[in-house]
Amino acid sequence: MSAPSPQQAATLEVIETARPPRPLIEEVKERSGAEISRCYQCRACGNGCPFVTAMDYTPNQVVRLLQFGMREEVLKCKTIWVCVGCHTCSSQCPMGIDIAAMMDALRLMAVEEGVAIGKPNIIDFHEEVLKSLEKNGRAHKLSIMLGYKRQTGGWFKDVDVGLKMLAKRKLELFPSRVKAVGEITDLFKCYWRESK
Ligand code: SF4
Ligand code: SF4
């Protein structure tokens with residue numbers, strides 16, 4: 001074999017040293033444990049999801065996008081942020097695919113990669129939930145709602161819903177705390193505050 005040209009040498013260097021990009025479904029599986037390749041599009045997850053009408057892609061369509069390696073479409077979609085992690089889909093999937101965990105992984109990937117978030121104010125809401133958990137060890141709905149309104153404005157939007165919830169005692173005025181709240185606060189210091 002003749003001596004390689006500089007261009008060929010560079011190509012050989014890539015062949016020898018570089019690793020081919022990992023398929024997207026492998027990346028998501030590593031983060032979530034979800035065996036996305038097993039999906040055969042029965043649509044049970046999409047048909048059973050209680051929030052599907054607010055989504056731009058049904059859960060089974062998100063799975064399909066992942067199978068096709070359509071990274072940008074998936075990470076920018078609304079669906080991954082509308083999902084509340086109720087696990088209805090995961091419990092109904094005949095192939096045992098943990099779709100809720102998959103959505104979780106996709107949200108993290110979207111934040112890490114700095115893509116435009118599909119539901120613009122949703123990060124503010126997530127932060128308020130985390131603040132409440134850090135402070136009380138459990139979510140206090142009223143402070144989450146007030147914190148979210150403080151960040152995003154629109155104080156009078158949904159006020160009727162809030163009043164109905166108060167009347168039906170679905171909103172506690174004061175938060176209750178778990179006993180070991182200090183341990184939870186320490187966890188937040190290690191794993192959330194440090195990463196910011
Ligand atoms: S329920 Fe499971 S197998 Fe059926 S479409 Fe959804 S992910 Fe795929
Ligand atoms: S976990 Fe998410 S995608 Fe699955 S049913 Fe619940 S809201 Fe829908």
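For sorting residues by class, Ala, Val, Leu, Ile, Met, Phe, Trp, Tyr, Cys and Pro count as nonpolar, Asp, Glu, Lys and Arg as charged, and the others, Gly among them, as polar. With those classes, the shell around ligand 1 comes out as 11 nonpolar residues, two polar and one charged. This is a predicted model, in which local features need pLDDT of at least 70 and side-chain atom pairs count only at pLDDT 80 or more, while totals for chains, interfaces and linings use all residues. Residues are numbered from 1 along each chain as its sequence is written, and chains are lettered from A and ligands numbered from 1 in the order in which they are written.

Now for the overall fold. The chain has 12 helices and zero strands, where helices (H or I, at least four residues) and strands (E, at least two) are DSSP runs numbered from the N terminus. With a radius of gyration of 22 Å, well over the 16 Å that the globule rule gives for 196 residues, the chain is more spread out than a compact globule. Here the radius is taken over C-alpha atoms, and the rule is 2.2 Å times the number of residues to the power 0.38. The C-alpha trace spans about 85 × 40 × 35 Å along its principal axes. An automatic or database domain assignment gives the bounds of the domains: domain 1 covers 13-112 and domain 2 covers 122-193. Their C-alpha centres lie 28 Å apart.

How much of the chain is buried? Buried residues make up 20% of the 196. A residue is buried if 20 or more other C-beta atoms lie within 10 Å of its own, exposed if 12 or fewer, and partly exposed in between, with C-beta atoms placed from the backbone. Contacts are counted between residues whose C-beta atoms, placed from the backbone, lie within 7 Å. Of the contacts with a separation of 6 or more, 63% join residues 24 or more positions apart.

The largest nonpolar core holds 27 residues, and Ile36, Ile99 and Leu106 touch the most other members. Such a core is a set of buried Ala, Val, Leu, Ile, Met, Phe, Trp, Tyr and Cys residues joined through C-beta atoms within 7 Å. Helices α2 (24-32), α4, α5 (71-76), α6 (79-82) and α8 (99-112) each supply at least two residues of this core. The biggest giver is α8, with six residues. Leaving aside neighbours within four places in sequence, Ile99 is in contact with Ala34, Cys45, Pro59, Cys89, Ser90 and Cys93.

Next come the two ligands. A residue is near a molecule if its C-beta atom, placed from the backbone, lies within 6 Å of it. Which residues come nearest to ligand 1? Of the 14 around it, the answer is Cys39, Cys42, Cys45, Asn60 and Cys93. At least two residues of this shell come from each of α3 (44-48) and α4 (59-67). Around ligand 2 there are 13 residues, the closest being Cys49, Cys83, Cys86, Thr88 and Cys89. Helices α7 (88-92) and α8 each supply at least two residues of the ligand 2 shell, and α8 gives the largest share, three residues. By class, the shell around ligand 2 has 10 nonpolar residues, three polar and no charged ones.

Most residues other than glycine have a negative phi. Gln41, placed in that loop, has a positive phi near 60 degrees. With 12 other C-beta atoms within 10 Å, Gln41 is exposed. Arg43 lies in the loop between α2 and α3 too, and has a positive phi near 75 degrees. Arg43 has 13 other C-beta atoms within 10 Å, so it is partly exposed.

Further along, Ala116 lies in the loop between α8 and α9 (122-136). Ala116 counts as exposed, with 9 C-beta neighbours inside 10 Å. From Cys77, Ala116 is 39 residues away in sequence and 9.1 Å away in space, C-alpha to C-alpha. Helix α11 (residues 159-167) has zero buried residues out of nine, so it lies largely in the open. Val161 is found in α11 and is exposed, with 11 other C-beta atoms within 10 Å. Val161 and Leu108 are 53 residues apart along the chain, and their C-alpha atoms are separated by 30 Å. After α11 comes Arg169, whose phi is positive, near 60 degrees.

Terms used:
Contact = placed C-beta atoms within 7 Å.
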